[in-house]
Amino acid sequence: IPMQTYFILSYTQVKIQSPPTPEMATQEVPLNETLAHLKTESETLKSKLEEERAKLHDVELHQVAEKVEGLGQFVMKTRRTLKGHGNKVLCMDWCKDKRRIVSSSQDGKVIVWDAFTTNKEHAVTMPCTWVMACAYAPSGCAVACGGLDNKCSVYPLSLDKNENLAAKKKSVAMHTNYLSACSFTNSDMQILTSSGDGTCALWDVESGQLLQSFHGHAADVLCLDLAPSETGNTFVSGGCDKKANVWDMRSGQCIQSFETHESDINSVRYYPSGDAFASGSDDATCRLYDLRADREVAIYSKDSIIFGVSSVDFSLSGRLLFGGYNDYTINVWDVLKGTRVSILFGHENRVSTLRVSPDGTAFCTGSWDHTLRIWA
Amino acid sequence: MTINTLAKGGCHREQMACFRKMEKVIVAMQDPDMGMKMRNQRLLITVIPHAMTGHDIIAWLTHKYRISEEESLHLGNMLVKYGYIYPLKEPRCLVLRPDESPYRFQVRPLTIYLAKKNIRKQGELMEYEKERYSLLHKRINHTWDFVVMQAREQLRASKQRRKADRIVLECQEQAYWLINRPPPGVNNVLDTGLERPNNFSCRVTLVSDFIIEACRKALGRNRVKSSICLEGFLKYSEQYLNHDPIMQGCLPSNPWISDDTAHWTMNAEIVPVPTRLRVERWSFSFMELLNDAMGRREFMTYLEKEFSAENLYFWQACEDIRHGESSKIVEKVEDIYKNFLAPGAARWVNIDSKTMDKTLEGIKRPHRFVMDDAQMHIYFLMKKDSYPRYLKSDLYKNMLAKAIVPQETKKSVFPFMRRQRHSSPSPAQTATQAAEEEGLAKGAGANSAAGSHF
């Protein structure tokens with residue numbers, strides 16, 4: 001499939017290679033010629049890049065993994081079902097205490113649960129519908145959420161029954177299109193967001209100030225994940241342009257880019273060591289990209305799996321990859337061998353979100369069937 | 001931003017990918033050699049030609065894709081739900097029954113037509129679609145022609161034949177309307193949520209220059225051989241295998257399965273005696289040690305003995321700047337200078353002169369990342385020097401020896417009796433309490449620090 005290239009709308013943005021002359025100032029640049037030239041150049045460079053990447057690719061992951069013991073029978077069941085949302089659950093996140101979660105839904109409701117007891121502890125109604133993003137603050141004292149309001153707002157969690165959570169709401173991020181994902185960085189003080197406006201951004205919670213913005217996606221950005229690396233300065237994002245980009249949070253630069261999916265990337269998640277990340281896409285595949293090798297190293301797919309992947313996450317050791325799919329199922333993959341270990345049924349509509357708990361004892365799924373389930 | 005609803009009869013780009021795949025399955029099912037064996041199916045007293053049973057569908061899927069029957073049933077159900085196959089018995093219910101119930105391929109795949117109506121010109125995509133559709137139509141035409149031929153041949157034959165056609169047509173229509181106007185309570189399969197606009201045409205996109213620039217940069221980067229990278233995954237998975245509760249279980253038991261929170265209590269942030277697995281994990285990487293509050297505390301104790309604790313204090317102070325409030329940056333940078341960098345400072349850190357000069361220069365205009373270079377220098381110093389020595393020290397070895405290995409909780413004698421699930425204090429609550437306590441304590445002049453307990 002020929003790679004798509006991204007074209008300029010306004011010809012005034014075209015960079016003219018030769019130095020401007022007085023004649024050129026009054027001359028109209030023939031748009032088609034310049035575009036064609038740029039297209040050829042970028043395509044040539046892209047194939048050169050693929051050649052370079054291929055040179056160091058001396059073995060496949062499943063070959064290396066032949067010496068590893070296969071996984072036995074896998075039994076995971078729904079251990080808790082959280083009922084309370086009145087509409088499609090779109091997003092969820094775990095609290096660092098390993099048992100609380102926050103979830104958001106299409107009708108604007110954001111609920112904080114103690115998933116272990118299934119008790120609801122807080123509930124907020126957002127002024128917008130389609131709350132597609134929510135995140136728990138590292139301290140456990142606040143949650144962030146947003147969606148069609150194009151914003152990301154932070155709600156401090158108060159246990160005072162009389163206090164209205166919505167009153168203390170703090171508007172932090174402002175995009176020009178829907179908010180698709182949000183995540184706190186290492187503290188409660190900064191939030192990273194991705195949006196339908198094609199950008200990601202880093203915000204200071206206290207002041208609402210934009211600290212850094214990240215441009216490079218050619219279409220809606222749907223997901224992001226922060227790297228667990230030592231220097232803690234990068235994150236990966238995935239978008240409707242089928243690209244997964246790795247960014248430097250300090251400079252705003254895109255350091256690496258991968259484009260092998262055949263459709264929108266709905267979810268990205270780092271491998272626990274930080275050396276790789278997985279992605280899930282509407283093309284019904286999950287893929288693994290190695291950052292040091294700078295290439296895709298595995299595809300997780302099956303002919304019988306037809307529906308898109310909405311959400312992916314790794315088990316604690318990174319041996320298993322869980323994928324939530326639009327055909328209501330969860331597929332469990334052996335990351336090393338590339339095989340499908342198990343398929344889990346239970347939800348009655350698409351699985352829209354999936355996260356493994358901070359200590360790896362379980363994972364949680366949210367679905368369009370209005371419920372959340374904890375699996376272990 | 002519009003949320004596309006069913007009423008428009010539209011479908012989205014995200015569905016195109018899965019429609020293509022479903023068509024693949026249907027085409028394979030209709031293959032004259034390897035596909036499903038069609039025959040006359042009896043529906044009460046009528047005989048319907050060119051039909052198949054639910055049971056046959058499941059058997060074919062199971063065999064072809066090498067999956068379990070449960071999965072075939074699920075996949076088959078999807079094909080019915082999306083209208084590629086429709087039931088002849090109980091046409092109101094778009095469900096695949098794994099029995100002798102008769103089904104048929106939808107002659108005019110509705111979803112494909114719906115999709116076709118809404119495809120915007122997408123260049124190659126259209127061509128690809130055309131190919132797929134013509135292939136499918138060829139197959140379907142083949143089947144339909146056959147039916148029509150049979151019908152013509154046996155035209156004089158009984159009302160039975162016509163009745164069969166009538167039943168078939170009725171069922172087809174039912175299926176169509178069920179998909180397009182699902183009754184309440186039934187999932188709307190054409191609902192795809194929020195519309196994602198086709199941005200290639202309607203948004204200002206990046207200049208091709210960006211791509212060219214990115215490619216040039218990428219061409220210049222250092223890459224590591226696959227064989228080396230991939231070995232890394234094997235090593236990591238192996239090392240963490242015993243720590244992965246989903247893979248190996250956890251001791252004494254997985255709280256979600258046993259309803260017993262002992263595992264969490266034993267692994268709380270600060271405990272009198274940590275578990276063995278936890279202490280082992282500190283040896284996996286320097287990050288693991290620092291990320292664990294107890295590990296960091298132990299390491300600090302070790303550094304105090306070595307008279308190099310200022311390194312860890314410095315690193316922590318730098319982290320505080322990086323992740324703290326913007327408003328406090330200037331103040332914090334000043335503190336760091338006073339305590340760690342100024343000549344004669346109480347906790348002077350040993351940084352190479354080049355980094356020191358750069359940092360001192362940057363301090364003149366403090367910003368969030370001004371300490372980054374110095375912080376990294378000290379981090380790697382600790383990692384390369386103090387950390388390996390700590391792991392060999394008596395302090396660590398004793399910790400490891402003392403560490404608890406919890407007993408596995410045997411399954412309850414009365415497994416059907418559910419344990420009471422205890423609630424735990426919310427982090428939000430403990431934080432509020434801590435703040436209150438601190439407020440009171442400050443008033444009294446004492447200093448109390450309430451840790452979070454979870």
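A salt bridge is taken to be a side-chain nitrogen of Lys or Arg within 4 Å of a carboxyl oxygen of Asp or Glu. The model is a predicted one, in which local features need pLDDT of at least 70 and side-chain atom pairs count only at pLDDT 80 or more, while totals for chains, interfaces and linings use all residues. Residues are numbered from 1 along each chain as its sequence is written, chains are lettered from A and ligands numbered from 1 in the order in which they are written, and side-chain values use heavy atoms, with hydrogens and water left out.

**Exercise 1. The interface**

Task: Describe the interface of chain B and chain A by its residues, its buried area and its polar pairs.

Solution. 

Step 1. Contact means heavy atoms within 4.5 Å. Chain A contributes 136 residues to the contact and chain B contributes 103 residues.

Step 2. The size of an interface is often given as the accessible area lost when the parts come together. Buried area is here the accessible area (1.4 Å probe) that two parts lose on being put together, summed over both. For chain B and chain A it is about 10,400 Å², and carbon and sulfur atoms give 61% of this. On the chain B side, the residues that lose the most area to chain A are B:Phe233, B:Ile246 and B:Trp256, together 9% of what that side buries.

Step 3. The rule finds seven salt bridges across this interface. A salt bridge joins the side chains of B:Arg368 and A:Asp204, at 3.6 Å from N to O.

Step 4. A polar contact is a pair of N or O atoms within 3.5 Å; within protein, one must be able to donate a hydrogen and the other to accept it, and residues adjacent in sequence count only if both atoms are side-chain atoms. Between chain B and chain A, 31 residue pairs are in polar contact, both residues being at pLDDT 80 or more.

**Exercise 2. An open sheet and its salt bridges**

Task: State the order of the sheet that contains S2 to S5 of chain A, and identify its edge strands.

Solution. 

Step 1. Strands (E, at least two residues) are DSSP runs, numbered from the N terminus; two strands pair if DSSP finds at least two bridges between them. The four strands form an open, antiparallel sheet in the order S2-S3-S4-S5 of chain A.

Step 2. Strands S2 (89-94) and S5 (119-125) of chain A are at the edges with a single partner strand each, so one side of each has no neighbour in the sheet.

Step 3. Five bridges join S2(A) to strand S3 (residues 100-105) of chain A in the antiparallel sense. Opposite A:Cys91 stands A:Ser104 in S3(A).

Step 4. A salt bridge connects A:Arg355 and A:Asp93 through their side chains (3.7 Å, N to O). This pair links distant parts of the chain, since A:Arg355 is in strand S26 (residues 351-356) and A:Asp93 in strand S2 of chain A, 262 residues apart. Both residues belong to a network of salt bridges that also includes A:Asp225, A:Arg269 and A:Asp313.

Step 5. Buried means under 20% relative accessible area, exposed over 50%, and partly exposed in between (1.4 Å probe, protein chains only). A:Asp93 therefore counts as buried at 11% relative accessibility, whereas A:Arg355, at 23%, counts as partly exposed.

Step 6. Another salt bridge joins the side chains of A:Asp114 and A:Arg99 (2.8 Å, N to O). A:Asp114 lies in strand S4 (residues 109-114) and A:Arg99 in the loop between S2 and S3 of chain A, so the pair ties together parts 15 residues apart in sequence. A:Asp114 and A:Arg99 are buried.

**Exercise 3. The surroundings of one glutamate**

Task: Which residues are in contact with A:Glu296, leaving aside its neighbours within four places in sequence?

Solution. 

Step 1. A:Glu296 is located in strand S21 (residues 295-300) of chain A. Its relative accessibility is 18%, so A:Glu296 counts as buried.

Step 2. With those neighbours left aside, the contacts of A:Glu296 are A:Thr260, A:Arg287, A:Leu288 and A:Tyr289.

Step 3. The A:Glu296 side chain makes polar contacts with the side chain of A:Thr260 at 2.5 Å and with that of A:Arg287 at 3.0 Å.

Step 4. A:Arg287 also forms a salt bridge with A:Asp283, the closest N and O atoms being 3.3 Å apart. A:Arg287 is buried, with a relative accessible area of 5%, and A:Asp283 counts as buried at 2%.
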